[in-house]
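Please look over the structure below before reading the notes. They are grouped by topic.

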Amino acid sequence: MGTKPTTDGQNAPSETTAPAETGTPESAAQTTLPPHGTESPPAIVNSGPDSGCSASPVPLATPDAAGGTEPASIRDVATLPTDDPATVNASAQPAVATAATQWLWIGKRGRLPPVPARITQQPTEIPVQVPDTVVEWADLRGLSIRGLSIRGHGHRYEGSVRQDQIALGEIGEKSLVCCAVADGLGTQPASHLGAAFAARLAASWPRAETLLTAQGTQFDCSEISAALQSEAQQRGLDPETVSTTLTFAVIARDATVGADGIPHWQVAVAQIGDSHAYRLRSGRWTALTKHDGAAESLSNVVEPLPRYSRASVWHLDMMAGDVLALTTDGTGNLLEDQPEFALELASCWQQSAPSPSALLRVLDAAVKSYDDDRTFLAIRFEAVP
Amino acid sequence: MSNILPFYLVCDESSSMDGPPLKAMNDALPELHREIGTNPVVCDKTRFSIVTFNDEAAILQPLADLSQITRLPELRASGTTNYAAVFELLRSEIDSDVAALKADGHRVFRPSIFFLSDGYPNLDRDWQKALADLLDPAWKLRPNIIAFGIGNADPAIISKVGVTRAFMADGTMTPAQALTEFAAVLTRSIINSGSAAGDAPSPLMPSVVPGFTALPADEV
């Protein structure tokens with residue numbers, strides 16, 4: 001049983017509480033990677049000079065600027081080596097382009113970079129075609145957003161479609177950014193439609209505006225559930241066949257400078273099912289939403305839309321330099337189980353948001369038995385000069 | 001670390017299984033081996049074992065990645081039908097198998113047992129106590145059990161063993177034909193469960209098996 005979430009904590013770790021419906025929070029568990037050089041060479045990916053991301057120990061931030069003790073409802077899953085104490089405080093620095101963020105310029109460098117400077121207005125109609133991989137990205141003032149939804153290697157082998165989806169949107173007269181990920185249930189034949197529709201709907205759902213100020217630990221998403229059922233019925237489908245998880249974050253675009261002199265952003269995350277959110281701070285991944293601990297329970301049951309419409313809610317305080325990542329379990333399980341993957345992924349975000357191609361290289365790593373679709377939608381909170 | 005779903009084929013090798021029934025199983029197992037062992041999605045995530053029983057119980061095929069073994073051993077019939085021995089053996093095997101997988105750094109999902117019998121259990125051993133131990137709610141690794149009965153198997157007992165699902169041959173096929181269907185369902189279940197990418201209950205089972213009638217869940 002969790003306590004009431006708070007939106008005004010200055011110490012970020014105090015902001016998360018486990019919602020009532022998800023039961024007793026697990027005790028904090030931490031996986032700390034060995035110091036660089038003591039681990040075996042990367043078996044999954046190479047970190048050559050052209051790789052974009054590198055697992056080499058680029059100095060990271062000073063110790064967690066927020067300080068304090070992590071609450072039991074969140075847990076650290078992996079830590080990037082921070083073996084240089086004389087490092088800059090990444091939280092206070094504006095983004096600096098690194099190998100991971102650069103793209104190819106040919107000829108005289110123009111003013112127009114490839115990264116979108118605004119969020120695209122998307123139709124809610126769901127295209128029938130499901131491409132192997134989708135990219136969503138944008139560099140807004142203070143928010144660098146990078147999202148990939150990649151077809152799992154199992155689905156590629158079988159020739160079946162990706163059932164994950166991502167979506168970006170703006171609500172509250174563009175004062176809020178909404179990011180959503182959804183994971184259609186593998187056992188349901190039209191779950192790719194459910195995931196696509198649920199994510200798209202959530203990302204532009206006007207009522208999501210109230211999520212930031214919502215009281216309690218649950219949020220009513222029955223509008224999304226009803227729309228999903230209606231969409232299924234219009235297509236002559238049983239609503240169960242479009243079952244999907246949904247996790248979405250609402251982010252206030254305008255930061256406020258805290259007493260620590262660092263910009264802070266208010267964020268709320270709503271979750272139906274087992275698609276989890278993580279924070280990367282000072283090279284350390286922390287699970288922000290409760291993990292069902294499949295390895296312990298031997299179970300993999302999820303409670304999806306449209307049958308379940310009560311979302312668990314977490315209110316978060318993000319600081320400049322933090323990365324908030326929404327994932328489906330295909331990525332979340334890798335992040336929690338495979339330190340090398342967590343390290344590579346953290347490396348991409350060390351000083352700035354990566355290019356989609358650099359991110360793809362890491363997210364699409366071949367890892368035995370991890371063949372689920374992989375979705376990762378992350379926001380790096382940037383101090384604006 | 002990998003995600004592993006362990007499967008156990010638990011097969012009655014009593015003398016009444018001799019002849020066409022056991023031949024059908026021995027004919028079907030190489031096909032199961034080929035289908036699973038050559039599917040990279042499934043063999044990366046599943047492990048398969050064969051446990052047999054007659055007067056006693058034995059591990060015919062230790063839990064293995066089917067892509068890593070050249071052939072499955074053959075079943076041979078003799079003796080009686082000792083349920084207690086096989087349930088006791090399964091409990092200890094699952095304990096040691098899961099411990100070994102976890103020691104190798106794997107994430108292990110709940111084991112699934114496909115139990116097949118054509119007879120009535122020996123009465124000289126308390127098989128119900130052994131079954132209760134195997135299904136002990138306090139034992140974290142308690143398996144899912146899908147039970148199939150053919151020939152002289154008692155539907156009430158098959159229903160009691162098959163806590164996840166239970167099926168009884170309906171007499172529309174010969175025992176050998178029914179066992180061919182059983183083997184096909186076993187293969188399909190392993191493939192579907194392995195392919196479900198970890199977001200479905202395991203094992204994934206068809207609700208209808210040709211030649212068999214689904215038995216109602218055992219009520220107490």
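**Briefing on the predicted model**

N82(B) caps the N-terminal end of helix α3(B), with a side-chain oxygen 3.3 Å from the backbone nitrogen of A84(B). The model is a predicted one. The notes below cover this helix, a strand residue of chain A and the cysteines.

**Helix α3 of chain B**
- The helix runs over residues 83-103, which is 21 residues.
- From its first C-alpha to its last, α3(B) reaches 30 Å, close to the 30 Å expected at 1.5 Å a residue.
- Buried residues in α3(B) include Y83(B), A84(B), A85(B), V86(B) and F87(B).
- Further along, L89(B), L90(B), E93(B), I94(B), D97(B), V98(B) and L101(B) are buried as well.
- An α-helix has 3.6 residues a turn, so residues three or four places apart point the same way.
- Just after α3(B), G105(B) has a positive phi of about 90 degrees.

**I379 of chain A**
- I379(A) belongs to strand β14 of chain A, residues 374-381.
- I379(A) counts as buried because its relative accessibility is 0%, under the 20% cut-off.
- Leaving aside residues up to four places away in sequence, I379(A) touches L143(A), S144(A), I145(A), C179(A), I251(A), D322(A), V323(A) and L324(A).
- R279(A) is 100 residues from I379(A) in sequence, yet their C-alpha atoms are 9.6 Å apart.

**Cysteines**
- The count of disulfides over all chains is zero.
- C178(A) is in no disulfide, and the nearest cysteine sulfur, that of C179(A), is 6.7 Å away.
- C178(A) counts as buried because its relative accessibility is 0%.
- C43(B), at 6% relative accessibility, also counts as buried.

Conventions
Residues are numbered from 1 along each chain as its sequence is written. Chains are lettered from A and ligands numbered from 1 in the order in which they are written. This is a predicted model: local features need pLDDT of at least 70, side-chain atom pairs count only at pLDDT 80 or more; totals for chains, interfaces and linings use all residues. Side-chain values use heavy atoms; hydrogens and water are left out. A disulfide is a pair of cysteine sulfur atoms within 2.5 Å. Buried means under 20% relative accessible area, exposed over 50%, partly exposed in between (1.4 Å probe, protein chains only). Helices (H or I, at least four residues) and strands (E, at least two) are DSSP runs, numbered from the N terminus. Contact means heavy atoms within 4.5 Å. The expected span of a helix is 1.5 Å times one less than its number of residues. A polar contact is a pair of N or O atoms within 3.5 Å; within protein, one must be able to donate a hydrogen and the other to accept it, and residues adjacent in sequence count only if both atoms are side-chain atoms.
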